[in-house]
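Subject: Structure for you to look at

Hello,

I am handing over the structure we talked about. Please open it first, then read the notes below it.

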Amino acid sequence: MGRRVLYDPDSAAAKAAATLVSDAFDVREVEGWRLLDGVVILADSRADDLPTGDRIRVVALVESGGPWPQRCYALLPVDVTRPILARTIQNAFADLD
């Protein structure tokens, strides 16, 4: 398929966003927050609790007004459209490369 995109299965917004790009990426639920290479789609401030690393980029889906996660590659609105989400994920992978 494509490059791996991980999402938080406990987040309805992350699940919905992952569905938007499932045709373009290898989308999977994150299991136990054990991250390897990938982009994680989140919907709340738990992004600050994620492990960091050179091979991880976090795209957080946020409500307007914050609080917003500090350690994210990108912040997008919860109701992000597919083209913007897909481009952001592509840019995150380009940054990893």
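Strands β1 and β3 pair in the parallel sense, over 3 bridges. Within that pairing, Tyr7 has Ile41 of β3 as its bridge partner. Please keep in mind that this is a predicted model.

β1 also pairs with β2, again in the parallel sense, here over 4 bridges. The partner of Val5 in β2 is Val27. Between β1 and β2 the chain passes through α1, and the β-α-β crossover formed this way is right-handed.

For the overall layout, the protein has 2 helices and 5 strands. Starting at the N terminus, the order of elements is β-α-β-β-β-β-α. The protein has 97 residues, and 42% of them are buried. Among contacts with a separation of 6 or more, 40% are between residues 24 or more positions apart.

Helix α1

Helix α1 covers residues 12–20, and its buried residues are Ala13, Ala14, Ala17 and Ala18. Looking down the axis of α1, these buried residues fall within an arc of 135°, so they line one face of the helix. Ala12 and Thr19, on the other side of α1, are exposed. What lies over the buried residues of α1? The cover includes the strands β1 (4–7), β2 (26–29), β3 (38–42) and β4 (56–62), and also helix α2 (82–96).

In soluble globular proteins, nonpolar side chains tend to be buried together. The largest nonpolar core here has 19 residues, and those touching the most other members are Phe25, Ile41, Leu85, Ile89 and Phe93. At least two residues of this core come from each of β1, α1, β3, β4 and α2. The element that gives the most is α2, with 6 residues.

Ile89 shows what such a position is in contact with: leaving aside neighbours within four places in sequence, its contacts are Val5, Val21, Phe25, Val39 and Ile41. Apart from this core lies another, of 9 residues, with Leu6, Val40, Ile56 and Cys72 among them.

Single residues to look at

Arg57 is in strand β4. Is Arg57 buried or exposed? With a relative accessible area of 16%, Arg57 is buried, because the limit for that class is under 20%. The side chain of Arg57 is joined to that of Asp95 by a polar contact of 2.6 Å. Beyond its neighbours within four places in sequence, Arg57 is in contact with Gly38, Val39, Val40, Tyr73, Ala92, Asp95 and Leu96.

Asp8 sits in the loop between β1 and α1. Asp8 counts as buried, at 1% relative accessibility. A polar atom of the Asp8 side chain lies 2.9 Å from the backbone nitrogen of Asp10.

Leu42 belongs to strand β3. The relative accessible area of Leu42 is 0%, and this residue is buried. Along the chain, Leu42 and Ala18 are 24 residues apart, and their C-alpha atoms are separated by 9.8 Å. Ala18 is one of the buried residues of α1 described above.

Ala24 is placed in the loop between α1 and β2. Not counting residues up to four places away in sequence, Ala24 touches Gly2 and Arg82. How far apart are the C-alpha atoms of Ala24 and Ala86? They are separated by 7.9 Å, although the two residues are 62 residues apart along the chain.

If you want a place to begin, look at β1 with its two parallel partners, β2 and β3.

Regards

Definitions and conventions. Residues are numbered from 1 along each chain as its sequence is written. This is a predicted model: local features need pLDDT of at least 70, side-chain atom pairs count only at pLDDT 80 or more; totals for chains, interfaces and linings use all residues. Side-chain values use heavy atoms; hydrogens and water are left out. Buried means under 20% relative accessible area, exposed over 50%, partly exposed in between (1.4 Å probe, protein chains only). The arc is that of the directions from the helix axis to the C-beta atoms. Contact means heavy atoms within 4.5 Å. A nonpolar core is a set of buried Ala, Val, Leu, Ile, Met, Phe, Trp, Tyr and Cys residues joined through side-chain atoms within 4.5 Å. Two strands pair if DSSP finds at least two bridges between them. A crossover is right-handed if, with the strands pointing away from the viewer, the path from the first strand over the helix to the second runs clockwise. A polar contact is a pair of N or O atoms within 3.5 Å; within protein, one must be able to donate a hydrogen and the other to accept it, and residues adjacent in sequence count only if both atoms are side-chain atoms.
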